[in-house]
Amino acid sequence: MSDITSQSLFELTSNIKEKKLSSEEITKAYINRAEKSKKLNIYITDNFEKAIDQSKKFDSNPNLDFKLPGIPIAVKDLFCTNGVRTTAGSKILNNFVPTYESTVTQNLWSQGAILLGKLNCDEFAMGSSNETSFFGNVQNPVGENLVPGGSSGGSSAAVAANLTPVTIGTDTGGSIRQPASFTGTVGLKPTYGSCSRYGIVAFASSLDQAGPMTKNVRDCSMLLEVISSFDQKDSTSIDYKRNCYSKELSKDIKGKKIGIPKEYRVDNMPDEIEQLWKNGISYAKDCGAEIIDISLPHTNYALPTYYIVAPAEASSNLARYDGVKYGFRSSGQNLIEMYEKTRSEGFGDEVKRRIMIGTYVLSSGYYDAYYLKAQKVRQLIKKDFDDAFSKVDAILTPSTPSSAFKIGEKTNDPVSMYLNDIFTVPINLAGLPGISIPAGKDKNNYPLGLQVIGKPFDEQNILNISYALEDKINFKNDISDWWLSE
Amino acid sequence: MSIDLKTVKHISKLARISVDDEKANKLKGDLNNIFEFIEKLNELNTDNVQALTSIAETTLRFRKDEIKSENIREKILKNSPEENKDFFVVPKVVE
């Protein structure tokens, strides 16, 4: 049997069911590794003591019908966890201990999983490198001083470094798929409305979705099956029959029509990414898929649209952090001064920037010029995809325009940081499912990902295409454990 | 279009975030760069396009207006920044 922490979710689950491993052994193995991995700065809050107690409790009376029987899982610190501090990577929630549980995490525990702890992320999920976190940046296990992507950077790093078998992140403009691409892991953003947003710290409510981040496609299908559910507590949750994603997983993609959008060939894209894409296309052909050239004419307008819509929604959502009912409070001579100082001291620079953008585009006299305009362009972007999906079953693109960059490299130029999400943002604007799978490496040996985009509610199809491609690509993420301490 | 210092101060007031002059100047530069990028949208004619207000093509569900959680007073007050078992405490509002 291979080392516990390097096993996939599928292997761990099988080993528990066959009684070859106990929940306690597995839980302790991850905790032991985490203690030696502090250099990566992956955890904001750990739940190790309680996790060991829960694993013993599971072992004393194991329910092997569960889909995640006694499996320890760490989650992004954007999910409210009952009784466990939830910070969203922000000073303003530094001391916040929820008295309720998010629906997607509840779905994990209801299937036997155990909370290992809360993972670092960009503040309020606003960032593409995990550098906006109040709790400091995260090291990418792929190489020293590299960012792990963001905003689910602690999550992607935790999966790549074998600090959790799988995890869940959130994706508003690429926050699952971009970090997955940067760390050689798999990340899926489901269709808007698939996974409940209840209990997730809100960023941009019309774009936010939770999704699985895993070592491979099969694990991804297993985790999606657990977290995707209809929920009365989320008014935009959609009631439809979900697939048994892991049972229906298949490499047979013969005859599937896969679209290649010419607009994703952007200026200054490294040759390696162009080559990665070509390889992906030829693997898809080898699997019997039909390749079709398509056009998504408004692709170039997606990022500017996103940087109106997302900050506008964020400025409204973050209005609740006023120091009155929970979270950090600064002192002031009067109520207004208390609000202003609390928000000034409690939020970091990127969050403030986005609140300011959002406040401006929604302010009197500018609403039509910016917010309404962006909503109209969003319609055009969605229509591009509707048109494309009348001809194809899925779309294949690179996940990101570059591999992981150095810590500090882009922090002084917000716009260059925003460009990271050029291939992922359109999918959120259109509410579609998208998955990033590791597909190769660049000249520095850093991972690169390919993205498969599907029709609404067609997660099974993009999982199957990814499963077939994964088999052909045969990616190996040889990480050296350079960060381990004794 | 460019955003001047006065506008930055005005937005910060609306957003209830206090900024000093140094921060305001930095924000002015950042916001102008971002808006230059955003204004690419003006290239598009959207006169006859309907705004997309919801990506999930469903109408919101109705439900009965009923109380589902009871005795949660303690839970709600638990994270209150200033301790008081009965109320949220704020600076004096009425003289």
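Predicted model: local features only at pLDDT ≥ 70, side-chain atom pairs only at ≥ 80, totals over all residues.
Local features are given only where pLDDT is at least 70 and side-chain atom pairs count only at pLDDT 80 or more, while totals for chains, interfaces and linings use all residues. Residues are numbered from 1 along each chain as its sequence is written, with chains lettered from A and ligands numbered from 1 in the order in which they are written.

Let's start with the sheet in chain A. Helices and strands here are DSSP runs, numbered from the N terminus (H or I, at least four residues, for helices; E, at least two, for strands). Eight strands make an open sheet in the order β4-β6-β5-β10-β11-β9-β7-β8, with mixed pairing; two strands pair if DSSP finds at least two bridges between them. At the edges are β4 and β8 (290–294) of chain A, each pairing on one side only. From one strand to the next the twist averages 30 degrees.

Strand β4(A), residues 167–171, is joined by five bridges to β6(A), residues 209–214, and the two run antiparallel. Along this pair, D171(A) stands opposite Q209(A). In a regular strand the side chains alternate between the two faces of the sheet. Is β4(A) covered on one face or on both? Both faces are covered, with T167(A), G169(A) and D171(A) buried on one side and I168(A) and T170(A) buried on the other. A residue is called buried if 20 or more other C-beta atoms lie within 10 Å of its own, exposed if 12 or fewer, and partly exposed in between, with C-beta atoms placed from the backbone.

The loop between α7 (217–227) and β7 of chain A holds L249(A). With 19 other C-beta atoms within 10 Å, L249(A) is partly exposed. Beyond residues up to four places away in sequence, L249(A) touches R218(A), S221(A), L463(A), N464(A) and Y467(A); contact means C-beta atoms, placed from the backbone, within 7 Å.

The largest nonpolar core has 147 residues, and I73(A), I227(A), Y307(A), I308(A) and A394(A) have the most contacts inside it. Such a core is a set of buried Ala, Val, Leu, Ile, Met, Phe, Trp, Tyr and Cys residues joined through C-beta atoms within 7 Å. Helix α9(A), residues 302–317, gives the largest share of this core, nine residues. Leaving aside neighbours within four places in sequence, Y307(A) is in contact with I357(A) and Y418(A), and also with I34(B) and I38(B).

That brings us to chain B. The contact between the chains takes 38 residues from chain B and 52 residues from chain A. On the chain B side, α2(B) gives the largest share, seven residues.

Finally, how do α1(B) and α2(B) pack? Their angle is about 100 degrees, with the axes 9 Å apart; axes are lines fitted to C-alpha atoms, for helices over the stretch in contact, and angles run from 0 to 180 degrees between N-to-C directions. The two helices are therefore roughly perpendicular, a term for angles of 65 to 115 degrees. Residues making this contact include L5(B) and V8(B) of α1(B) and L27(B) and L31(B) of α2(B).

Conventions: Contact = placed C-beta atoms within 7 Å. Parallel < 35°, antiparallel > 145°, perpendicular 65-115°, else oblique.
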